[in-house]
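Visitor: I have just opened this structure and would like someone to walk me through it. Could we take it piece by piece?

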Amino acid sequence: MIRPIAANPQKAAQKEGIIASMKFAVVVNEGPYQHQAADTAFNFSRAVLERGHQIDRVFFYHDGVNAATRLAVPPQDDRDITRKWSQLADEHGLDLVVCVAAAQRRGIIDADERRRHGKDADNIAPGFRISGLGQLIETAIDADRVVVFGD
Amino acid sequence: MSTGGSSSEQNSKRFLCVNRRAPHGTIYALESLEVVLAATAFEQRVTVLFLDDGVFQLVKNQNTDALGVKNFSPTYKALEMYEVERVVVERESLDRRGISEDDLIIPVDVLAEDEISELFESHDILLNF
């Protein structure tokens with residue numbers, strides 16, 4: 001049966017007794033500006049929140065961790081992926097977690113890591129935090145759906 | 001790309017980690033292995049699947065000296081100790097690359113392509129690498 005698309009899908013779902021609000025975990029596996037997946041992950045997350053669903057956590061892995069640097073300077077007529085994530089996190093209290101092992105390899109570092117490793121700077125952007133792979137497993141357990149953005 | 005579904009227990013889900021790429025040349029294989037080990041540390045039920053060029057990850061006697069990168073393939077021998085439930089390799093992927101089960105560093109379950117789709121169905125979380 002083909003059903004017409006409801007003007008308000010959430011309300012329609014509620015009427016039919018379908019779970020109206022879902023909890024998503026989002027995994028970002030590719031780097032910003034290198035790969036469309038980094039943009040699509042953001043667009044998906046924003047759309048999920050606009051539809052009244054929840055995002056349990058966004059987990060950045062592989063080159064995806066590069067979205068967490070506040071030192072990137074994309075051209076002015078281009079989008080600023082890091083700033084978009086920071087703003088979304090600020091507006092919705094999003095938990096943006098960067099994998100520590102992947103981050104260390106690629107030079108994404110916060111104040112704690114800077115001290116621990118005796119580096120002269122940190123570069124993590126507002127709204128992001130560095131933690132372990134356990135955070136990926138944990139959100140996969142807690143969320144209704146895990147959506148992976150990669151190559 | 002991947003979905004989580006219903007699970008029988010609140011804190012236990014069935015993870016399927018899918019490896020489709022060659023062991024070296026990109027970091028996906030190494031960082032996938034780290035996810036597998038993390039999932040077992042959380043006492044999750046984990047199946048690891050090797051497809052396409054991913055089957056090269058399990059080939060015995062790898063030597064990475066000339067590449068100047070770490071040979072992490074011995075770590076696959078620890079999967080059993082970490083209580084990974086199942087290691088699955090797709091038969092067609094082996095055949096197309098002229099690899100036999102004897103060439104692999106650990107014992108595996110070899111499944112045909114149509115059985116692989118059932119594997120996807122029977123897991124809650126799908127992580128692709």
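This is a predicted model: local features need pLDDT of at least 70, side-chain atom pairs count only at pLDDT 80 or more; totals for chains, interfaces and linings use all residues.

Visitor: Is the crossing of helix 2 and helix 3 of chain A left-handed or right-handed?

Guide: Helix 2 of chain A passes helix 3 of chain A in a left-handed crossing.

Visitor: Why does A:Pro126 count as partly exposed?

Guide: A:Pro126 counts as partly exposed because it has 13 C-beta neighbours inside 10 Å, whereas a residue needs 20 or more to be buried and 12 or fewer to be exposed.

Visitor: Stepping back, how many helices and strands does chain A have?

Guide: Chain A has 6 helices and 5 strands, and from the N terminus on its elements run α-β-α-β-α-β-α-α-β-α-β. Of the 151 residues in chain A, buried ones make up 40%. If you take the contacts in chain A between residues at least 6 apart in sequence, 75% of them join residues at least 24 apart.

Visitor: Now the other chain: how many residues of chain B are in contact with chain A?

Guide: There are 18 residues of chain B in contact with 17 residues of chain A. On the side of chain B that touches chain A, helix 1 (28–41) and strand 5 (125–128) of chain B each supply at least two residues, and helix 1 of chain B gives the most, with 6 residues. By class, that side of chain B has 9 nonpolar, 6 polar and 3 charged residues.

Visitor: At what angle do helix 1 of chain B and helix 6 of chain A pack?

Guide: Helix 6 (residues 134–142) of chain A and helix 1 of chain B pack at an angle of about 60°, and their axes are 9 Å apart, which means that helix 6 of chain A is oblique to helix 1 of chain B. This crossing is right-handed. A:Gly134, A:Leu136 and A:Ile137 in helix 6 of chain A meet B:Val35, B:Ala38 and B:Ala39 in helix 1 of chain B, and the residues of the contact divide into 5 nonpolar, 1 polar and no charged.

Visitor: Last topic, the largest nonpolar core: which residues have the most contacts inside it?

Guide: That core has 72 residues, and those with the most contacts inside it are A:Val27, A:Phe60, A:Val65, A:Val98 and B:Cys17. Its largest share, 7 residues, comes from helix 1 of chain B.

Visitor: What does A:Val27 touch?

Guide: Leaving aside residues up to four places away in sequence, A:Val27 touches A:Phe59, A:Tyr61, A:Leu136, A:Val146, A:Val148 and A:Phe149.

Conventions: Residues are numbered from 1 along each chain as its sequence is written. Chains are lettered from A and ligands numbered from 1 in the order in which they are written. Two residues are in contact if their C-beta atoms, placed from the backbone, lie within 7 Å. Helices (H or I, at least four residues) and strands (E, at least two) are DSSP runs, numbered from the N terminus. Ala, Val, Leu, Ile, Met, Phe, Trp, Tyr, Cys and Pro count as nonpolar, Asp, Glu, Lys and Arg as charged, and the others, Gly among them, as polar. A nonpolar core is a set of buried Ala, Val, Leu, Ile, Met, Phe, Trp, Tyr and Cys residues joined through C-beta atoms within 7 Å. Axes are lines fitted to C-alpha atoms, for helices over the stretch in contact, and angles run from 0 to 180 degrees between N-to-C directions. Angles under 35 degrees count as roughly parallel, over 145 as roughly antiparallel, 65 to 115 as roughly perpendicular and the rest as oblique. A crossing is left-handed if the near helix is turned anticlockwise from the far one by less than a right angle, and right-handed if clockwise.
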